[in-house]
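User: I have a model open and want to learn how to read its features. Can you take me through some of them?

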Protein chains: 2
Amino acid sequence: MSFMKLSAEVLKITAGGKRIAIISEETANSLGVHSSDRIRIIYASQEMIAITNIASHFPRNQIGFYEEISSTLGLKGGETIVVEHAELPESIAHVRAKVSGKRLREKEIKKIVEDVVERHLSDVEIAAFLTALHIYGLSLGENEALSKAMVQTGKTLDFGQTPILDKHSIGGIPGDKTSILVVPIIAAAGFTIPKTSSRAVTSPAGTADRFETLCPVKLSMQEIKRVVEKTNGCLVWGGALDLAPADDLFIQVEYPLGIDPLLLPSILSKKKAIGATHVVIDIPTGRGAKIKDLAEAYSLASDFVDLGKRLQMNIQCALTYGEQPLGFAVGPALEAKEALSTIMGKGPADLKEKAITLAGMLFEMVGLKDGRQKAQDILQSGKAEKKLREIIKEQGGKSNVKPDEVVLGDKIASIRAKQSGRVSWISTESIAHIAKVAGAPKAKGAGVVLTKKLGENVKENAILLEIYAERNNKLTTALELAKKLQPIVLSKKIRDQILIDKIPEKFSAEKPFMLER
Amino acid sequence: MSFMKLSAEVLKITAGGKRIAIISEETANSLGVHSSDRIRIIYASQEMIAITNIASHFPRNQIGFYEEISSTLGLKGGETIVVEHAELPESIAHVRAKVSGKRLREKEIKKIVEDVVERHLSDVEIAAFLTALHIYGLSLGENEALSKAMVQTGKTLDFGQTPILDKHSIGGIPGDKTSILVVPIIAAAGFTIPKTSSRAVTSPAGTADRFETLCPVKLSMQEIKRVVEKTNGCLVWGGALDLAPADDLFIQVEYPLGIDPLLLPSILSKKKAIGATHVVIDIPTGRGAKIKDLAEAYSLASDFVDLGKRLQMNIQCALTYGEQPLGFAVGPALEAKEALSTIMGKGPADLKEKAITLAGMLFEMVGLKDGRQKAQDILQSGKAEKKLREIIKEQGGKSNVKPDEVVLGDKIASIRAKQSGRVSWISTESIAHIAKVAGAPKAKGAGVVLTKKLGENVKENAILLEIYAERNNKLTTALELAKKLQPIVLSKKIRDQILIDKIPEKFSAEKPFMLER
């Protein structure tokens, strides 16, 4: 076999978890290696496969290693490394097959997911795979194989009991703080609901960001089991638990491409990994949501239900109102405060309604009758509040936290109505954008609070929305943006209603890509 | 606007020409930046956009730069850099549009190609673009726009005259040394044929590799013009001339994915860049070639002709015999020797026939009658040999070089026939593989020489093929491979003819991907 001896050059940075080696063009020619080919690295009695990056002007007798390789092999620099051309991972054949349109079999998909998690595939190969999935779509069998492989290549949580209930929203409307009510309602009724959530990817707040303003969310598996044991529920961050780790790796490549072909396996693999048996999936549908129309919503919902069956999970979907933000508050702390107020009896009607509806669906899935009524009773009786406070306490927070004690941004500005009128349009996209520019979710106290919802009347000069920020420069920029975007449209005259917008369109990269889990 | 000040950390390696900056996860969060987002780097009075790589465990107050950025900004390390989130390049919107199936307009494609050449697009984005093109196919308009953009973003050669003739093969069969005859035949008749060629990408020899064994091929634009001025022709390496530079950048991403969606614009942009007006495209068709059947060949040929019209080039395609290697020799020096012998009057009939056929087609394209006969006369009269020697001399080689003077590998082994019989099958794939393992094209003297072609009779123990190498270990490995692959199949009995192969198949990554220009 043709091999070479090269001197190790150690780079002090990581390569995103991938095993990448850098060689000169000359070395590449000698080895018969082209861009992204694999090479076998042999040092002491260790051997590993690396992805090749060919760099012009790289010293011809050297091989450069990022930290993943140098730390594993214990290299300091200068060691002699034996290098030879290596075969490609088997999964690349399957990626190519998918690109050419072939429907993949379970073991082929499993190999791809394993190699993604092991970092054996380059970003180019993963990008081609995801682009192909996006264009061709996935069959139910492929979705099932992906979900199973994503569960199997990560850790799982076993609570040692059934049923395990869960709730998830595909996202799309800002302010969707429903989980903070649903979890206590379900837990108060004696059912186990160990909710793991993500941080926001492209939105102003994810469930983990919201709940973190009330108590810690970064719990270990042991701690989570303890909390659930004691209270029946939890609201924790799933990110460090290594559940379906392939998901984050796929998202890193999906994000720059603005595609989301793995929506179903991404969501259901995480549910399966925590042993969920009954899951309600919220699909906000409407002008302001990810899913714009009912046809698309029904199609997605039935895909969820079918995939759930294949994974031995009972899934029900709720198509919910997606024309405007949920509640009035958008931003981690603002939303946590609103959720807390609502569970205590004083909150927006739409938030309350959505919470008891989704909780009610879960109740009926496990055999109770009049689920919505039961949920409403638990909420109104104060049992849900009591349970929420237990969960907060067990997760390490202050159980008697009051809404006013939630720390909000102290730099506040408002937009006022230029005329009186009825709210005819709220741009959820713009509201989310303003909240983010104000600093959400990183600045937990930042965000936006609406004062009126669709259809409500507004007086001239009344406050339309308030912007909260933790820093003055962010407040200023958010305010400017809000004035430019005009996210809330009032109408009195027919003239204002008829012309929605004029073309040419802004080019589409300006439209934010909604990627949420 | 939200910005940060970070300390520059200079990495001593390049990032494949891309402007990449490395930041910590924390810095990314503060800036609101996700993987592959863009950031604006400001230092002294300079500003540039960089692609973000987010690295775990990277110092939070630092920003890491590869050489492309640090050398342009003149950084040594430790300088304070101002960093802010930047808008995405406009071309990303167009890439996403293509991924979603939209047919792109000329200016959108132009922007993508410009950003590829400027290294503003990440490999993930280019991979998604190419995968989408592969899956959807390209319209004639898209092919035209790509070809034009690829020409416009590079240099062009202007010989100040017309017509400019050219020949190109899409490749696929080993041993295709035809250009070494066609160019002198055309030039001898007084027509200008400034042939630029590539080195081999996946094959054992490219035209540039072959001709380099006779004389230098790495000429500058000035030198090329001089050679063409004096002799009407040349056979040079196009790689350093910056003609259609986007092509190599696309190929680097196509190669690991095993796809070739840009075959047409890749070839025709290079022809257009040298001002070609009349081009004959050789499309080897057959079991051993890239194009397996006539339907595919006709389809490709008419695409070439149509695209040529859009680019104001007169294109004719020749569907040529693709069942076995052309001539007997495979490997740079071996093929150059065979071409030289043939132009001197002693060479394989198939090589001679193909050369005069293609040259004849070019003659008829510029208005001559009986093109093939004219080409044959030029060859037989010795005028083609004389012209070849002029070209060799003007390019800096020895004009009176003899076939025996071409330096071949001196380590030689042969495979002999185990039985007598008729040659019923020659695996072009295996022949190419053996030649490469023997060292071609890097080891110019390495390769394979067949002794018999399809349909010819072979006696028991006669030499079937010879392997040439420059190093013993390569010879040994190539010989082992040849014994294992059995590239030449003899048949006497019907039994040997009927069963071609048994399944299961080897998995497809083992099949070599043919990418040639």
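User: Which elements do the buried residues of helix 17 of chain B pack against?

Analyst: Keep in mind that this is a predicted model. To read packing, take the buried residues of a helix and list what they touch. Here the buried residues of helix 17 pack against strand 12 (329-330), strand 14 (421-426), strand 15 (447-450), strand 17 (463-469) and helix 18 (472-485) of chain B.

User: Which residues of helix 17 in chain B are buried?

Analyst: The helix covers residues 428-437. Its buried residues are B:Thr428, B:Ser430, B:Ile431, B:Ala432, B:Ile434 and B:Ala435.

User: What follows helix 17 of chain B?

Analyst: Look at the backbone angles after a helix. Here B:Gly439 follows, with a positive phi near 130 degrees. Then check the peptide bonds. The one from B:Ala440 to B:Pro441 is cis, with omega near 0 degrees. B:Pro441 sits in the loop between helix 17 and strand 15 of chain B.

User: What is the peptide bond from A:Ala440 to A:Pro441?

Analyst: That bond is cis, with omega near 0 degrees. A:Pro441 lies in the loop between helix 17 (428-437) and strand 15 (447-450) of chain A.

User: Which value of phi does A:Asp370 have?

Analyst: Read phi together with the residue type. A:Asp370 is not a glycine, yet its phi is positive, about 55 degrees. Its place is the loop between helix 14 (349-365) and helix 15 of chain A. A:Asp370 has a relative accessible area of 54%, so it is exposed. B:Gln312 is in the loop between helix 12 (294-310) and strand 11 (314-321) of chain B.

User: Is B:Gln312 buried or exposed?

Analyst: Exposed, because its relative accessibility is 58%. The cut-off for exposed is over 50%.

User: Why does A:Leu268 count as buried?

Analyst: Start from accessibility, then list the contacts. A:Leu268 counts as buried because its relative accessibility is 0%. This residue lies in helix 11 (residues 263-273) of chain A. Beyond its neighbours within four places in sequence, its contacts are A:Ile281, A:Phe304, A:Leu307, A:Gly308, A:Leu311, A:Met313 and A:Ile315. Now compare sequence with space. A:Met313 is 45 residues away along the chain, and the two C-alpha atoms are 8.9 Å apart.

User: Where is A:Ile378, and what does it contact?

Analyst: A:Ile378 is in helix 15 (residues 371-380) of chain A. Its relative accessibility is 12%, so A:Ile378 is buried. Leaving aside neighbours within four places in sequence, its contacts include A:Ile185, A:Ala188, A:Ala189 and A:Phe363.

User: What does the side chain of A:Thr153 reach?

Analyst: The side chain of A:Thr153 reaches the backbone oxygen of A:Ala149 at 2.8 Å. That side chain also reaches the backbone oxygen of A:Met150 at 3.4 Å. A:Thr153 is in the loop between helix 6 (140-152) and strand 7 (165-169) of chain A.

User: Let us step back to the whole chain. How many helices and strands does chain A have?

Analyst: Chain A has 19 helices and 18 strands. Its radius of gyration is 26 Å, close to the 24 Å that the globule rule gives for 517 residues, so chain A is as compact as a globular protein of that length. Buried residues make up 57% of the 517.

Note on methods:
Residues are numbered from 1 along each chain as its sequence is written. Chains are lettered from A and ligands numbered from 1 in the order in which they are written. This is a predicted model: local features need pLDDT of at least 70, side-chain atom pairs count only at pLDDT 80 or more; totals for chains, interfaces and linings use all residues. Side-chain values use heavy atoms; hydrogens and water are left out. Helices (H or I, at least four residues) and strands (E, at least two) are DSSP runs, numbered from the N terminus. The radius of gyration is taken over C-alpha atoms; the globule rule is 2.2 Å times the number of residues to the power 0.38. Buried means under 20% relative accessible area, exposed over 50%, partly exposed in between (1.4 Å probe, protein chains only). A polar contact is a pair of N or O atoms within 3.5 Å; within protein, one must be able to donate a hydrogen and the other to accept it, and residues adjacent in sequence count only if both atoms are side-chain atoms. Contact means heavy atoms within 4.5 Å.
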